[in-house]
Amino acid sequence: MDHFLYRHGELYAEDVAVSEIAAEVGTPFYCYSTATLERHFRLFDEALDGMEHLVCYAMKAASNQAILKTLAALGAGMDVVSGGEYARAIAAGVPGDRIVFSGVGKTADEIRATLKGGIRQFNVESEPEMEVINAVALELGVVAPITVRVNPDVDAKTHAKIATGKSENKFGIPISRAKEVYAHAASLPGLKVIGIDVHIGSQLTQLEPFKMAYEKVAALTEELRAEGHEIKRLDLGGGLGIPYTRSNDAPPLPVEYGQLIKDTLGHLNCEIEIEPGRLIAGNAGIMVSKVIYIKEGEDRSFMIIDGAMNDLIRPAMYEAHHDIIPVAEATPGVEKQQYDIVGPVCESGDTFAKERVMDPVGADDLIAFRSAGAYGAVMASEYNSRPLIPEVLVHGDQFAVIRRRPTLDEMINRDTIPEWL
Ligand code: LLP
């Protein structure tokens, strides 16, 4: 459920007409709903009721300061994957002891900055990384809390570009080598092993792969404890998928996912961390764009819009489907039309949908891409010198621009001219 619904014949974001926002900020833009962000966070939080837990929002999904503050106010922790994300989380007021640091390529500088600023734990992905964290911790005279990310070799049954838990993926250490690696970690004085981390992929639409991975983590917990390691925290990653269409085969709900966690890991009395990103932000955001032209091709109609692949890259990159709807509700019974929906960027890959059957629209009409809140604005670029599009946050009957559209001069003046020119 989200808060983008038709009312009085047009699309509303909570209690604000989307057309009103478009009139003020221009198109294209991203628009997020506070109520949906909050609702999704609470669904996870409540799903883990009865277990000691922390929901660490995977801020790679949408990392605007206003979104982070909204979630932090509910008690969210953050899962960060770069020094930049860590700095954003701190700037949004998230305390270091609620920030976990994941990712295969943490640099010594990033590790130093986070150890100085405060960190809940590093999710370590390799032995060379472990050595560097140890060295930096010793240099600073602190002890770094760590989990080791294990790769359980489980097929997440998702798009190949976002599966992470198979042995061919770059993530984690093979679970078969876990004992050795934990023994190595325990021998390093700058590290304190506190748990295990696993994340098998994103947009998972079934519980079975989670179950297989978590059962392996449960067995490993007992084995490592038997070897004398203190395993008190399990970070179970993110990955629960969202419905991108209104069809019936919706992915499992957070409450079912929470029950699976209780069933597979509850007996271990560990503190549980999860790192959902997409499910919190995905359906809490839309991208609004305007139709520039309807161009009749030989055998198809092209809907040319002012949004492009640089603004929302998911369809070009993952063949992802986003529902696309007119902002002005169609008259009931009107005949649907078929369009190829494309942006102005000079590549054929700048196609959002082919042969999409939807309510008819014409030049200057507004359309909305649903489910665009996660991996939308954060993956945008200025390709074709198209400035990054603004982000707007709605809260009840109010809205605020939370990142404005840069002027063309601002974009151009980031370049500097060498003295010989
Ligand atoms: N934790 C770790 C270690 C991750 O790598 C990810 C996502 C998450 C948590 C959050 O997963 P989520 O709950 O959002 O599924 N750009 C792609 C998705 C990439 C996901 C990368 N890692 C897309 O647009 O589909």
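Is the crossing of α5 and α6 left-handed or right-handed? The crossing of α5 and α6 is right-handed; here a crossing counts as right-handed if the near helix is turned clockwise from the far one by less than a right angle, and as left-handed if anticlockwise.

## About the model

What you have above is a predicted model, in which local features need pLDDT of at least 70 and side-chain atom pairs count only at pLDDT 80 or more, while totals for chains, interfaces and linings use all residues. Residues are numbered from 1 along each chain as its sequence is written.

Helices (H or I, at least four residues) and strands (E, at least two) are DSSP runs, numbered from the N terminus.

Helix α5 covers residues 108-117 and helix α6 residues 127-140; their axes lie 10 Å apart and the packing angle is about 45 degrees. Axes are lines fitted to C-alpha atoms, for helices over the stretch in contact, and angles run from 0 to 180 degrees between N-to-C directions. The two helices α5 and α6 are therefore oblique to each other. Angles under 35 degrees count as roughly parallel, over 145 as roughly antiparallel, 65 to 115 as roughly perpendicular and the rest as oblique. On the α5 side, A108, I111, R112, L115 and K116 meet V132, I133, V136, A137 and L140 of α6; two residues are in contact if their C-beta atoms, placed from the backbone, lie within 7 Å. This contact of α5 with α6 holds eight nonpolar, no polar and two charged residues. In that count Ala, Val, Leu, Ile, Met, Phe, Trp, Tyr, Cys and Pro are nonpolar, Asp, Glu, Lys and Arg are charged, and the others, Gly among them, are polar.

Helix α5 also packs with α4 (residues 83-91): their axes come within 10 Å and cross at roughly 20 degrees. That makes α4 roughly parallel to α5. The crossing of α4 with α5 is left-handed. G83, Y86 and I90 of α4 make the contact with D109, E110, A113, T114 and G117 of α5. Here the contact residues divide into three nonpolar, three polar and two charged.

## Helices α2 and α9

Helix α2 (residues 34-47) and helix α9 (residues 254-265) have axes 8 Å apart and pack at about 25 degrees. They are therefore roughly parallel to each other, and the crossing of α2 and α9 is right-handed. L43, F44 and A47 come from α2, while α9 brings P254, V255, Y257 and G258 to the contact. Sorted by type, the contact of α2 with α9 has six nonpolar residues, one polar and no charged.

## Strands

Strand β13 (residues 271-274) runs parallel to β5 (residues 53-58), joined by three bridges. Strand β12 (residues 233-235) is also parallel to β13, again through three bridges. Strands count as paired if DSSP finds at least two bridges between them.

An open sheet of three strands has the order β1-β2-β3, with antiparallel pairing. At its edges stand β1 and β3 (16-17), each with a single partner strand, so one side of each is left without a neighbour in the sheet. Two bridges pair β2 with β3 in the antiparallel sense, and A13 has V16 in β3 as its bridge partner.

## Backbone features in two loops

Most residues other than glycine have a negative phi, and most peptide bonds are trans. Two spots are worth a look with that in mind. H8, in the loop between β1 (4-7) and β2 (10-13), has a positive phi of about 50 degrees although it is not a glycine. T27 and P28 are joined by a cis peptide bond, with omega about -10 degrees; P28 lies in the loop between α1 (18-25) and β4 (29-33).

## Around the ligand

The ligand is surrounded by 20 residues, and the closest are S202, G238, G277, R278 and Y375. A residue counts as near if its C-beta atom, placed from the backbone, lies within 6 Å of the molecule. The elements that give two or more residues to this shell are α10 (278-281) and α11 (314-318). The shell residues divide into eight nonpolar, eight polar and four charged.
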